[in-house]
Amino acid sequence: LQSSDPPPLAITFNPSLDIYTCPSSLLLTPYTPTPTSLLLGRLPSGALLYATRSETPPTPTPTPTPTPRPLPLRALAHTLPAADAALAAHARSLLEFHARHAFCGRCGQPTRVASHGAKRRCTAENCSGEWFPRTDPVVIAVVVDVERDRCLLGRQARWPVGRFSALAGFMEHGESCEE
């Protein structure tokens, strides 16, 4: 971080991994990084962006109305601009990875944040365990009927009325996209 860089910012989640936000906008608040901070990247403004968890809502500047409140990201994602939704999803998945990998899968000793949050490393001297966020390959498809100018979409019964989705599914190891 250089003195000419804009101050660092953070996307903040509560302990249940609900995101603190204001209606229809991603809430980015001033943040002071620590050695265990989870770096998401650099914003177009040049500011470094971090993911963090907190019991209390962040205090944005200037203070918006209403006060930020935690919401499940899935409920909010369709109201955010695509770039903001992608940042928030990345932040949440990184926080969840670090919460679930506090101990080494090889020796059981604690792990620590490494590479600005891109991995975890075992703290045991005789273990070289390194752990990385997982990726789940998926296939997303829209079936199009060109002749009738329409497409096939899906929906879950529990979704709000009017919400539909492209068809999607996880790929198994060794499976092709077509399968």
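Me: Which residues of helix H2 are buried?
Reply: The model is predicted; local features need pLDDT of at least 70 and side-chain atom pairs pLDDT 80 or more, while totals for chains, interfaces and linings use all residues. Numbering starts from 1 along each chain as its sequence is written, and side-chain values rest on heavy atoms, without hydrogens and water. A residue is buried under 20% relative accessible area, exposed over 50% and partly exposed in between, using a 1.4 Å probe and protein chains only. In H2, the buried residues are Ala85, Ala88, Ala91, Leu94, Leu95, Phe97 and His98.

Me: How far does H2 reach from its first C-alpha to its last?
Reply: Helices (H or I, at least four residues) and strands (E, at least two) are DSSP runs, numbered from the N terminus. H2 covers residues 82–100, which makes 19 residues. The expected span is 1.5 Å times one less than the number of residues. For H2 that expectation is 27 Å, and the reach is close to it, at 27 Å.

Me: At about what angle does H2 run to strand E8?
Reply: H2 lies across E7, E8 and E9, where contact means heavy atoms within 4.5 Å. Axes are lines fitted to C-alpha atoms, for helices over the stretch in contact, and angles between N-to-C directions run from 0 to 180 degrees. On that basis the angle between H2 and E8 is about 15 degrees.

Me: Which strands are the edges of the open sheet of 3 strands?
Reply: Strands pair if DSSP finds at least two bridges between them. The sheet has the order E7-E8-E9 with antiparallel pairing. E7 (residues 111–114) and E8 (residues 119–122) share 4 bridges, and E8 and E9 (residues 130–131) share 2. Pairing on one side only marks the edge strands, E7 and E9.

Me: Which residue is the bridge partner of valine 113 in E8?
Reply: E7 and E8 run antiparallel. Threonine 111 stands opposite cysteine 122 in E8. For valine 113, the partner in E8 is arginine 120.

Me: Which residue takes a positive phi in the hairpin of E7 and E8?
Reply: This hairpin leaves 4 residues between its strands. Phi is near 50 degrees at serine 115.

Me: How many residues of strand E1 are buried?
Reply: In a regular strand, side chains alternate between the two faces of the sheet. In E1 (residues 9–13), one side carries Leu9, Ile11 and Phe13 and the other Ala10 and Thr12, and both faces are covered. The buried count for E1 is 5 of its 5 residues.

Me: Which residue in E5 is the bridge partner of leucine 9?
Reply: E1 and E3 run antiparallel, joined by 2 bridges, and alanine 10 stands opposite threonine 29 in E3. E1 and E5 run parallel, joined by 5 bridges. In E5, leucine 9 is partnered by leucine 49.

Me: How far apart are the ring centres of tyrosine 31 and tyrosine 50?
Reply: Rings of Phe, Tyr and Trp (its six-membered ring) pair if their centres lie within 6.5 Å; planes under 30 degrees apart are stacked, over 60 edge-to-face and the rest tilted. The whole structure has 1 aromatic pair. It is tilted, with 40 degrees between the planes of tyrosine 31 and tyrosine 50, and a centre distance of 5.3 Å.

Me: Where does tyrosine 50 lie?
Reply: Tyrosine 31 and tyrosine 50 are both buried. Their pair links parts of the chain 19 residues apart. Tyrosine 31 is in the loop between E3 (29–30) and E4 (38–42), and tyrosine 50 is in strand E5 (residues 48–53).

Me: Over which ring does the charged end of arginine 163 sit?
Reply: A charge sits over a ring if NZ of Lys or CZ of Arg is within 6 Å of the ring centre and within 35 degrees of the ring normal. Arginine 155 has its charged end over phenylalanine 164, 5.7 Å from the ring centre. For arginine 163 the distance is 5.9 Å, and the ring is that of tryptophan 159.

Me: Is aspartate 149 buried or exposed?
Reply: Aspartate 149 lies in the loop between E11 (143–145) and E12 (150–152). Its phi is positive, about 55 degrees, although it is not a glycine. Because its relative accessibility is 72%, aspartate 149 counts as exposed.
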